[in-house]
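Colleague: Could you walk me through this model? I'd like to hear how each conclusion is reached.

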Amino acid sequence: MSEEPEVLFERRGAAGIITLNRPKALNALTLGMVRAIHPKLAEWADDGHVQCVVIEAAGEKAFCAGGDIRALYDWGQAGDPTALDFWREEYRLNRFIKHYPKPYVALMDGINMGGGVGLSVHGSHRVATERLTFAMPETGIGLFPDVGGTYFLPRCPGETGLYLGLTGARIKAADAVYAGIADAYVPSARLDTLKDRLAGGAPVREALSEVAEEEGAAPLAELRAEIDRHFDKTSVADILASLRADGGEWAAKTADTIETKSPTSTLVAFRQIREGATLDFDECMKLEFRLINGFIKGHDFYEGVRAVVIDKDQSPKWKPAALAGMSARDVDGYFVPLGADELTFN
């Protein structure tokens, strides 16, 4: 019996529907999925019968929990260039979604992290359900918040994007709407109605207005003043010093969280998010490709995946081991342009 395809495509009336179809793997994004989705989006962009695209996922647990980290680990450890192929093609897909000429409706129902964020947050219409758990947890596996995090995190209100990027904090629907990561809250039970209306040719805004509900209070909004006060600094060291001097429980826990992450990743993420505030989307994706070229040659990504995904001991041994003693200069090399190897867009 043949295996189920990793991603399904359907033309339903006026809508092109993409379904991520690896529910047992929390719909983690593979290179094969990237290579299937991009050309189908290009085809539908030129199809006059397709008025909008909807992307969703099979199962009730996850939209997409991230990239296929284990495959990237294996490729990178073996020196296989397929690892860079994955990121290059994924980033090109993220950029294609950002510039897509038709409405692109992402149904963020369940866990949405890492690679799933790149498939959803850059779309024209992002829907959050009560099941959404959103996070950019990359610094905890020795990476940085990529797939366009360079662009959207610094554009979150105040310093909330930097907070999310450095801590990997998990947020729900109300926070996602507050942060500008989602546009509307729609209960999962009403997603089929939304898809039916879109397939029937209803304008996206009209269809959303019929099923959207108030998302409720956003805890992130309530924390905003504290986040801004501590994270509005010119270095990670100053952020940590501010949090430690606070004396409150939230500040202490936040500092503790940051200090468990890869020190290299934390310094890169800080600079990346600060620089991203002044870059356009395409420039952000080019910067991320420079960064990933450095990370796959280093230590912390492989150690982070070992600790979190493979051995699951949750005790990564970072190199360098601590932020103390590191300076911003220690990550300068990650930001150097790649010359002929820069990311390009067709």
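Colleague: Is Val-147 buried or exposed?

Modeller: Happy to start there; this is a predicted model, so local features need pLDDT of at least 70, side-chain atom pairs count only at pLDDT 80 or more, and totals for chains, interfaces and linings use all residues. Residues are numbered from 1 along each chain as its sequence is written, and side-chain values use heavy atoms, with hydrogens and water left out. Buried means under 20% relative accessible area, exposed over 50%, and partly exposed in between (1.4 Å probe, protein chains only). Val-147 has 1% relative accessibility, so Val-147 counts as buried.

Colleague: Where does Val-147 sit, and what is its phi?

Modeller: Val-147 is in the loop between strand E8 (133-135) and helix H5 (149-152); helices (H or I, at least four residues) and strands (E, at least two) are DSSP runs, numbered from the N terminus. Most residues other than glycine have a negative phi. Val-147 is not a glycine, yet its phi is positive, at about 45 degrees.

Colleague: How does Leu-26 count by accessibility?

Modeller: Leu-26 is in the loop between strand E2 (15-20) and H1. Leu-26 also has a positive phi, near 55 degrees, without being a glycine. Its relative accessibility is 29%, so Leu-26 counts as partly exposed.

Colleague: Which residues does the cis peptide bond join?

Modeller: Most peptide bonds are trans. Here omega is about -5 degrees, and the proline involved lies in the segment after H15. The cis bond joins Lys-319 and Pro-320.

Colleague: How far apart are the end C-alpha atoms of helix H3?

Modeller: The expected span of a helix is 1.5 Å times one less than its number of residues. H3 has 17 residues (82-98), so it should span 24 Å. The model agrees, with the end C-alpha atoms of H3 separated by 24 Å.

Colleague: Which elements do the buried residues of H3 pack against?

Modeller: The buried residues of H3 include Ala-83, Phe-86, Trp-87, Glu-90 and Asn-94. An α-helix has 3.6 residues a turn, so residues three or four places apart point the same way. The packing partners are helix H1 (31-45), helix H2 (69-77), strand E5 (104-108), helix H4 (115-120), helix H14 (281-295) and helix H15 (300-310).

Colleague: Which residues have the most contacts inside the largest nonpolar core?

Modeller: A nonpolar core is a set of buried Ala, Val, Leu, Ile, Met, Phe, Trp, Tyr and Cys residues joined through side-chain atoms within 4.5 Å. The largest has 94 residues, and H14 gives the most to this core, with 8 residues. Those with the most contacts inside it are Leu-20, Trp-87, Ile-181 and Phe-231.

Colleague: What is the volume of the largest pocket?

Modeller: On a 1 Å grid over the protein atoms alone, a pocket is an open set of points where a 1.4 Å probe fits, with protein on both sides within 12 Å along at least five of seven lines; lining residues have an atom within 4 Å of a point. Grid points are joined across faces, edges and corners, and a volume is the space filled by probe spheres set on the points. For the largest pocket, that comes to about 770 Å³.

Colleague: Which of its 30 lining residues are closest to the centre of the largest pocket?

Modeller: H2, H3, strand E6 (111-113) and H15 each give two or more residues to the lining. The residues closest to the centre are Ala-65, Ile-69, Pro-137, Val-308 and Val-309.

Key:
Contact = heavy atoms within 4.5 Å.
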